[in-house]
Amino acid sequence: QVISSGVAPCDVTLTCSARPCERFANAMGSVRSDHSDSTEERDFLFADNLEPHATRRKEILKAHPEITKLMGPEWRTKYLVAATVALQIALACFAKSWSFWTFVAVSYVVGATANHSLFLAIHELAHNLGAKSASTNKIIGMVANLPIVFPYCITFKPYHMAHHRNSTER
């Protein structure tokens, strides 16, 4: 079954078995739905064309060349990371005087939001978008990783870059 929504200008063909995958792929263009019962095919999306990030980038830049002015490192990243890490450390210092339910609420709302923003910062830093040099991006990533329980910022980059290179391979 091939479903084409015409939403996205790029031709992305994805294979999946679950209805949510179809809705996701529908938003991207065309989807090939394989309702197979085999374990190896059931839980993954497969694209039959070029790596979608590069294709989409070329199409957008062709249609809107002015976007290149927005590309490159974001100078605010280091300050936002420092502020978020400082917030996490301050919350940890104040938490000892809180009641259990205040601790749970603040951890869930503020702490989790801060942690998520640090995960996103590490992702952007893996793409060298926080500073001009790769080594500075790495240092900012290590700072962003401080409040996160598992040290992963250094090992994330090679695996994430491999994901971009191999996202359409079976």
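In the predicted model, Phe 100 and Trp 101 are both exposed. A search of the whole structure for aromatic pairs returns 4 of them. Trp 75 has a relative accessibility of 52% and counts as exposed, because the exposed class begins over 50%. Tyr 79, with a relative accessibility of 51%, likewise counts as exposed. Phe 100 and Trp 101 also form an aromatic pair, again edge-to-face, with 4.9 Å between the ring centres and an angle of 75° between the planes.

A further group of rings involves Tyr 152. Ring pairs connect this residue with Phe 119 and Phe 156, so that Phe 119, Tyr 152 and Phe 156 make up a cluster. Tyr 152 is located in a loop, with α6 (134-145) on one side and α7 (153-166) on the other. The relative accessible area of Tyr 152 is 17%; this residue is therefore classed as buried, since the limit for that class is under 20%.

The surroundings of Tyr 152 include residues from other parts of the sequence. When neighbours within four places in sequence are set aside, Tyr 152 is in contact with Phe 119, Ile 122 and Asn 145. Of these contacts, Phe 119 also belongs to the ring cluster with Tyr 152.

Methods
Residues numbered from 1 in each chain as written. Predicted model: local features only at pLDDT ≥ 70, side-chain atom pairs only at ≥ 80, totals over all residues. Heavy atoms only, no water. Helix = DSSP H or I, 4+ residues; strand = E, 2+ residues; numbered from the N terminus. Buried < 20%, exposed > 50% of the residue type's maximum accessible area, 1.4 Å probe, protein only. Contact = heavy atoms within 4.5 Å. Phe/Tyr/Trp six-rings, centres within 6.5 Å; stacked < 30°, edge-to-face > 60°.
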